[in-house]
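Reader: I'd like to learn how to read the features of a model like this one. Could you take me through it step by step?

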Amino acid sequence: MFRTALIAAVGLFIAGSALAEPKPTGDRVEVNGMQMYYEVSGDGDPLIVLHGAYMNIPSMGAIIPKLAETHKVYALEFQGHGRTTDIDRPITYQNLADDVAAFMDAVRLKKADVFGYSMGAAAALQVAVRHPEKVNKLAAASVAYDAEGWQPAFRAFIPQMTVEMFVGMPFADDYRKLAANPDGFPALVKKLIALEHEPMAWEKDVKSLKIPVLLISGDADVATLEHSVAMFRLLGGGVMGDMGKPLPASRLAVMPATSHTAVINQSDLLHAFIEPFLKGETPRGMFE
């Protein structure tokens, strides 16, 4: 009986050890005059994860640990976000992209896949445009390539944005819990409002991309569905399969009953889209 109990205890210990996930390793590195915070988790091919505006690594939720099951994930916190310091510089998608490239140089990461959400997706798109040699595949959730692609309601809302409007929102408290400068939130909001006014007209850049891109959109996202489809077509998508030719390298996924802020909360569905894309897996058709 003692032996049976011992075997059972050992079995439970081994099972528990196998299920236990190693904690991410956090660190800081100097990038373009700021101290950028990042976390590394998992093993496998490198994957950079980029969060949205007003967010940080924890607010990306369960998608990071899910991706870390099969990838070595480098999760970054952008300028003025989370534990990364702010600097005297506007926040633009191009600046954020150059920060990602500089981060990769600083940690000696030559090339990686990239997954970005919202602001992080637009920054990821610019990484692929400005530093194509650093990106293998790109997964972009809730992104646009032109300001005309935003929903009319959002475009009408942009001129009404004020710092005071955002200071009382829940993520203002989240900011203070992690920020290098707990009083820096109003300055960050000012920069992010300015970002919304930045012109976006990247059609030529998107069309010139040579890497596979996965576009993920909610069916009630901040970008219109028509814009997401137009972007997919710029990337070579939207053709008919089953005609004896390989499917396009890029993909489009639409999440049902999903608003912009609900996209990142559906980690199982996101993972089901992202993982096969990164592995290059496609569903088998009848004629294959």
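Reader: Happy to start with a strand pair: which residue in S4 does Pro46 stand opposite?

Author: Strands of a sheet pair through backbone hydrogen bonds, either parallel or antiparallel. Here Pro46 stands opposite Lys72 in S4. Strand S3 (residues 45–50) and strand S4 (residues 71–76) pair in the parallel sense over 6 bridges; two strands pair if DSSP finds at least two bridges between them. Helices (H or I, at least four residues) and strands (E, at least two) are DSSP runs, numbered from the N terminus.

Reader: Before we go on, what kind of model is this?

Author: This is a predicted model, where local features need pLDDT of at least 70, side-chain atom pairs count only at pLDDT 80 or more, and totals for chains, interfaces and linings use all residues. Residues are numbered from 1 along each chain as its sequence is written, and side-chain values use heavy atoms, with hydrogens and water left out.

Reader: What is the mean pLDDT of the chain?

Author: pLDDT is the predictor's confidence in each residue, from 0 to 100. The chain has a mean of 92, and 92% of its residues reach 70 or more. Over residues 1–20, however, the pLDDT is below 50, and this stretch has 0 contacts (heavy atoms within 4.5 Å) beyond near neighbours in sequence. Where pLDDT is low, the predicted coordinates should not be read in detail.

Reader: Back to the sheet: what is its strand order?

Author: The open sheet of 8 strands runs S1-S2-S4-S3-S5-S6-S7-S8, with mixed pairing. S1 (25–31) and S8 (251–259) stand at the edges with a single partner strand each, so one side of each is left without a neighbour in the sheet.

Reader: How should I read aromatic rings, and how do Trp150 and Phe154 pair?

Author: A pair of aromatic rings is described by the distance of the centres and the angle of the planes. Rings of Phe, Tyr and Trp (its six-membered ring) pair if their centres lie within 6.5 Å; planes under 30 degrees apart count as stacked, over 60 as edge-to-face and the rest as tilted. The whole structure holds 10 aromatic pairs. For Trp150 and Phe154 the centres are 5.9 Å apart and the planes at 75°, so this pair is edge-to-face. Tyr175 and Phe185, with centres 5.2 Å apart and planes at 55°, are tilted.

Reader: Is Phe185 buried or exposed?

Author: Buried means under 20% relative accessible area, exposed over 50%, partly exposed in between (1.4 Å probe, protein chains only). Phe185, at 3%, counts as buried.
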